[in-house]
Amino acid sequence: MAGVLHFMLLFSLHCGSVTSAKPADDTTTVRSTVDAAFLTTESHFPAGKTNDTEVPSTGFTSSYSKSTAKPLKSTKSTKDVTEAAERPASRKDTKEEEEEEGPLELECPPLGLESLKVRDTQLRASSYKRRGLGAHRGRLNIQSGIEDGDIYDGGWCAQHRDKTQWLEVDARRLTRFTGVILQGRSSIWSWNVVHSYKVQFSNDSLLWKPCLNGSEEAVFEGNQDLDTPVLALFNTSTVARYIRINPQTWYENGTQGDVCLRAEVLGCTLPDPNNIYAWQTEPTESTDKLDFRHHNYKEMRKLMKSVNEACPDITRIYSIGKSHSGLKLYVMEISDNPGKHELGEPEFRYVAGMHGNEVLGREILLNLMQYMCQEYKRGDQRIVHLVKETRIHLLPSMNPDGYEMAFKKGSELAGWAWGRYSYEGIDMNHNFADLNSEMWNAIELETDKSKLINHYFPIPEMYTSEQAFVASETRAVINWMQNIPFVLSANLHGGELVVTYPYDMTRDWAPREHTPTADESFFRWLATVYASTNQVMSNPDRRPCHNKDFRRYNNIINGADWHTVPGSMNDFSYLHTNCFAVTVELSCDKFPHVSELPMEWQNNRESLLVFMEQVHRGLKGVVRDKDTAAGIPDAVIKVDDIDHHIRSVSDGDYWRLLNPGEYRVTASAEGYFPSSRTCQVMYDHFPTICDFRLTKMPQQRLKDILAKGGKLPKDLQLRLRQLRLRKLRVTTKAINQRRAAAAAKRAKRM
């Protein structure tokens with residue numbers, strides 16, 4: 001009976017539209033309806049033309065709500081935003097930006113075409129050109145393969161080019177539809193966009209009701225480029241189960257212009273009276289009491305401060321530098337002794353927001369710091385152990401400038417690349433020093449392989465100059481890496497579901513090629529630890545995000561085998577510091593809607609914790625002076641059969657990440673005799689202690705004593721006398737042999 005009532009309600013409702021996501025400047029009024037109360041604003045647009053058919057465009061009403069109760073301000077044009085992004089931010093600009101309102105807050109969330117919550121079976125189309133351009137590919141921000149005609153293409157394309165083509169979405173239950181977001185086809189070979197379209201609704205997929213603008217069928221403005229999402233909000237929401245997008249005009253390009261699009265649908269799911277069992281409803285909430293929302297710079301700073309105030313004994317906030325526009329790069333430290341490196345305690349880091357529009361990493365790190373504070377206070381032994389045995393550093397936003405740009409657009413309207421780059425247009429994922437080429441060039445040129453170094457590669461001088469095209473954020477992170485002896489790290493990205501490990505760059509600059517490090521087996525372990533405990537990655541029935549099915553690789557892949565990335569953070573960490581680093585692609589959707597954040601936290605919570613615990617796998621120890629017991633910094637730790645060394649830090653302590661097994665380990669330092677021992681790494685969740693005590697060479701002891709102005713001890717005097725006598729005997733013997741040989745030659749001549 002309820003279904004019949006809703007079906008009758010469907011045909012009693014009509015809808016209007018707007019053709020832009022930007023609110024108009026007219027005065028807002030509040031309207032109450034049976035379904036909901038929401039703000040409305042009239043907006044008038046001039047008639048426009050496409051390249052094939054004229055479509056009348058009339059004035060209609062938009063439906064939206066703002067995140068604050070402040071009066072609406074005039075909306076800046078795209079040109080204004082671009083010009084503002086190109087000029088440096090003054091203090092006045094920064095203050096005004098803090099007072100600006102947030103992005104457009106949608107009345108209903110997206111159904112989930114982009115996030116894959118809507119399954120392939122819920123999408124149908126009137127026709128499609130080929131499997132790779134089927135209805136299942138008509139998802140907002142989906143990315144195509146490199147080759148034209150790939151089975152993973154960049155949108156839905158109809159087989160026929162006429163006005164009867166449609167893309168249909170089955171919400172599977174009665175839904176109050178409030179809007180549509182449209183995008184062109186993702187392709188580097190083709191240009192396909194829909195300029196205008198209509199919308200219809202149905203309750204049975206047989207009888208369809210058009211969306212009306214007054215007494216006429218509404219026509220919505222579509223796209224003028226391939227990537228910019230265009231939002232149309234309905235004046236009056238419509239209750240139905242099915243919705244169709246019906247293109248009317250498109251870029252024709254003679255006979256080559258296909259009807260192609262990517263889309264998202266906005267709608268609030270209505271309660272289903274037939275769904276009487278709670279287990280039939282998919283969970284959408286987390287049981288953890290955390291602040292699940294998108295935080296701009298100001299809100300992020302407030303949240304971090306609140307965590308610090310709640311747990312002052314185990315947290316510390318510090319800045320590693322500033323972005324180009326002057327926003328500080330804040331880090332949250334979590335440790336039982338904040339602000340100090342403790343002997344034998346490894347340093348761990350998570351970095352998020354390198355690409356400003358890949359925002360999920362930012363939010364789950366903010367969730368993580370809240371969660372660890374709460375659980376530590378509650379006495380959760382797992383968290384207590386992590387805090388006491390590890391010094392954890394969380395950098396939630398490496399690119400705050402880019403994030404602010406994406407945040408102002410909003411989760412559905414930021415597109416695939418808006419806010420990705422730094423303020424100066426730099427992709428920070430390619431901005432670290434290319435030490436891979438330095439290493440491979442040295443290998444090719446050096447004939448004596450024993451002289452090759454395999455760790456702590458110096459940064460090229462040209463990279464360190466002020467004229468080098470290096471982002472201020474990248475310089476800050478490099479300085480951070482050099483000051484803190486990190487052991488393990490993960491760089492959180494978005495837009496895929498996979499964990500990648502070094503090397504990220506191919507040796508011969510090929511587009512993709514498996515390029516392993518000397519620690520390939522352990523990097524595979526690290527990647528597997530995160531991927532296998534992530535609830536979405538580990539789901540064998542999940543759908544590929546875009547154009548590569550990573551399930552075939554168990555959701556891990558060598559970075560260079562996916563696509564080559566010169567100057568990556570991971571490769572730089574491995575070659576310039578002791579730190580092992582991987583990249584985690586957290587979700588198909590770079591900028592998930594706020595309603596999806598609780599489940600995204602649930603998907604990643606265990607992965608975040610278990611990955612941090614891997615910093616305690618392998619060997620650890622202290623390299624000391626045998627005589628003074630003082631720690632020896634910069635001692636080289638070599639593991640036989642693994643051509644990558646690490647070094648001890650200032651107190652002489654070191655950490656060598658290794659898989660279980662037996663290893664022959666050698667510690668050496670300048671002025672000391674090297675020392676070797678066999679160390680066994682077990683399967684336990686704590687490292688094997690492998691300490692070293694090195695004996696100084698006599699020459700080094702002599703230098704140290706003389707430098708201090710002291711007298712030589714008797715044992716050293718005796719040792720030096722013995723060395724002199726030995727040298728004298730060897731020298732005398734050599735002289736006598738030469739004399740004897742010369743005498744023999746003279747005798748022979750005579």
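Does Cys-579 count as buried or exposed? At 1% relative accessibility, Cys-579 counts as buried, where buried means under 20% relative accessible area, exposed over 50% and partly exposed in between (1.4 Å probe, protein chains only).

1. Basis of the note. The model is predicted, so local features need pLDDT of at least 70 and side-chain atom pairs count only at pLDDT 80 or more, while totals for chains, interfaces and linings use all residues. Residues are numbered from 1 along each chain as its sequence is written, and side-chain values use heavy atoms, with hydrogens and water left out.

2. Cys-108 and Cys-268. Five disulfides are counted, a disulfide being a pair of cysteine sulfur atoms within 2.5 Å. One of them pairs Cys-108 with Cys-268, with the sulfur atoms 1.7 Å apart. This link is left-handed, with -110° about the S-S bond. It connects distant parts of the chain, 160 residues apart: Cys-108 is in the loop between helix 3 (91-99) and strand 6 (123-125), and Cys-268 is in strand 15 (residues 260-269). Helices (H or I, at least four residues) and strands (E, at least two) are DSSP runs, numbered from the N terminus. Cys-108 is buried at a relative accessible area of 1%, and Cys-268 is buried at 18%.

3. Cys-157 and Cys-260. The disulfide between Cys-157 and Cys-260 has an S to S distance of 1.9 Å. Its torsion about the S-S bond is about 115°, so the disulfide is right-handed. Cys-157 in strand 7 (residues 156-157) and Cys-260 in strand 15 are 103 residues apart. Relative accessibility is 0% for Cys-157, which counts as buried; Cys-260 is buried, also with 0%.

4. Cys-311 and Cys-373. These two cysteines are joined by a disulfide (S to S 1.9 Å). The torsion about the S-S bond is about 85°, so this link is right-handed. Both Cys-311 and Cys-373 are buried.

5. Cavities. The structure holds four cavities of 30 Å³ or more; a cavity is a set of points on a 1 Å grid over the protein atoms alone where a 1.4 Å probe fits but cannot get out, and lining residues have an atom within 4 Å of a point. The largest cavity has about 50 Å³ of space, a volume being the space filled by probe spheres set on the points, which are joined across faces, edges and corners. Its lining includes Glu-114, Arg-139, Trp-416, Cys-545 and Cys-588. Domain 1 (120-273) and domain 2 (297-616) both contribute lining residues, so the largest cavity lies between them; the domain bounds come from an automatic or database domain assignment.

Key: On a 1 Å grid over the protein atoms alone, a cavity is a set of points where a 1.4 Å probe fits but cannot get out, and a pocket is an open set with protein on both sides within 12 Å along at least five of seven lines; lining residues have an atom within 4 Å of a point.
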